[in-house]
Amino acid sequence: ASQPRLELVLGRIRLAQVMRQGHSAGLLTASQGGLVHGLLHTAAEPVSGSMVPTVSIVGMPDNTSTAELLYFASSAGLSHIPLHRHDSPSTWYGYVRVVDLAIESRPLPEIIRTMRRIDATTSKLEVLRAFRAAENELCIVTADNKTVGIVAERILVEELFTPPRGTGIL
C-alpha cells in the first residue's frame, strides 16, 4: 500500500476511535455521530448505490398539463417530478418542483429544471458538492454515457446523517 493511502486509513481509524470515545463520554450527539459515520463510511461510496434505477423512476412526460402533474404528485406523494421527453420515455432530462407548479403561472417549459449528468462511479460526497454548486435536487446517473438512474440530494443527505441500523454510532 502506498504511504498516503496508509496514512489515510490510519487517520480514519484514529478518528473513529476518538469519535467513539466522545460518544461514550456524552460529548457527541447522535446527529454528530451519524454525520461522522456518514463521512467515514458512506461519503466515498459510489452514487450508484443510492440511485433509483431507470425502470423504477416515478415520473411523467414533459408535455403533461400542470393540473395532471399536480394530481400525480399528490397521488404519489412527490415533492419533485422527474420528466422525460414526451416522444422518448427513456430520455429523462429534467424535473419540476411541485411547489413551483403550484405557485408559478409560467408555462411548464419555463419551470423545468435540467438534471445534471453524473457518472455512476462518482462518490456520494462529490455528488452532494455538485448538487450544491448547481442548485439542483435531482441528477441523472450515467454509466458509459447511458442513463442508468436518478439520485436525489435528499437521499444522499439522509445517508450521510443516518448511521446503519444495528451498528451503533461508529
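Is N145 buried or exposed? N145 is exposed, with a relative accessible area of 69%; buried means under 20% relative accessible area, exposed over 50%, and partly exposed in between, with a 1.4 Å probe and protein chains only.

1. Basis. This is a predicted model, in which local features need pLDDT of at least 70 and side-chain atom pairs count only at pLDDT 80 or more, while totals for chains, interfaces and linings use all residues. Residues are numbered from 1 along each chain as its sequence is written, and side-chain values use heavy atoms, with hydrogens and water left out.

2. Overall content. The chain has 7 helices and 8 strands; these are DSSP runs numbered from the N terminus, with helices being H or I of at least four residues and strands E of at least two. Of its 170 residues, 37% are buried. Contacts (heavy atoms within 4.5 Å) between residues at least 6 apart in sequence join residues at least 24 apart in 52% of cases.

3. Sheet β1-β8-β7-β6. Four strands form an open sheet in this order, and the pairing is mixed. Two strands pair if DSSP finds at least two bridges between them. Strand β1 (residues 52-53) is antiparallel to β8 over 2 bridges, and P53 has G149 of β8 as its bridge partner. Strand β7 (residues 138-143) is likewise antiparallel to β8, over 6 bridges. Within that pairing V141 stands opposite G149, and A143 has K146 as its bridge partner.

4. The β7-β8 turn. Strands β7 and β8 form a hairpin with 2 residues between them. D144 in the turn has a positive phi of about 55°. N145 lies in the loop between β7 and β8, and its phi is near 60°, a positive value in a residue other than glycine.

5. E135. Another positive phi, about 55°, is found at E135, which is not a glycine. E135 lies in the loop between α6 (124-134) and β7. With 63% relative accessibility, E135 counts as exposed.

6. Sheet β2-β3-β4-β5. This open sheet of 4 strands also has mixed pairing. Its edge strands are β2 (60-61) and β5 (113-114), each pairing on one side only. Strand β4 (residues 88-97) and β5 run antiparallel and are joined by 2 bridges; G94 stands opposite T114 in β5. Helix α3 (residues 66-76) lies across β2 and β3, at about 130° to β3. For such angles, axes are lines fitted to C-alpha atoms, for helices over the stretch in contact, and the angle runs from 0 to 180 degrees between N-to-C directions.

7. Largest pocket. The volume of the largest pocket is about 370 Å³. A pocket is an open set of points on a 1 Å grid over the protein atoms alone, where a 1.4 Å probe fits, with protein on both sides within 12 Å along at least five of seven lines. Points are joined across faces, edges and corners, and the volume is the space filled by probe spheres set on them.

8. Pocket lining. Lining residues have an atom within 4 Å of a point. There are 18 of them, and the closest to the pocket centre are L78, H80, L138, A152 and R154. Strands β3 (80-85) and β8 (146-152) and helix α7 (153-161) each supply at least two lining residues. The lining divides into 10 nonpolar, 5 polar and 3 charged residues, where Ala, Val, Leu, Ile, Met, Phe, Trp, Tyr, Cys and Pro count as nonpolar, Asp, Glu, Lys and Arg as charged, and the others, Gly among them, as polar.
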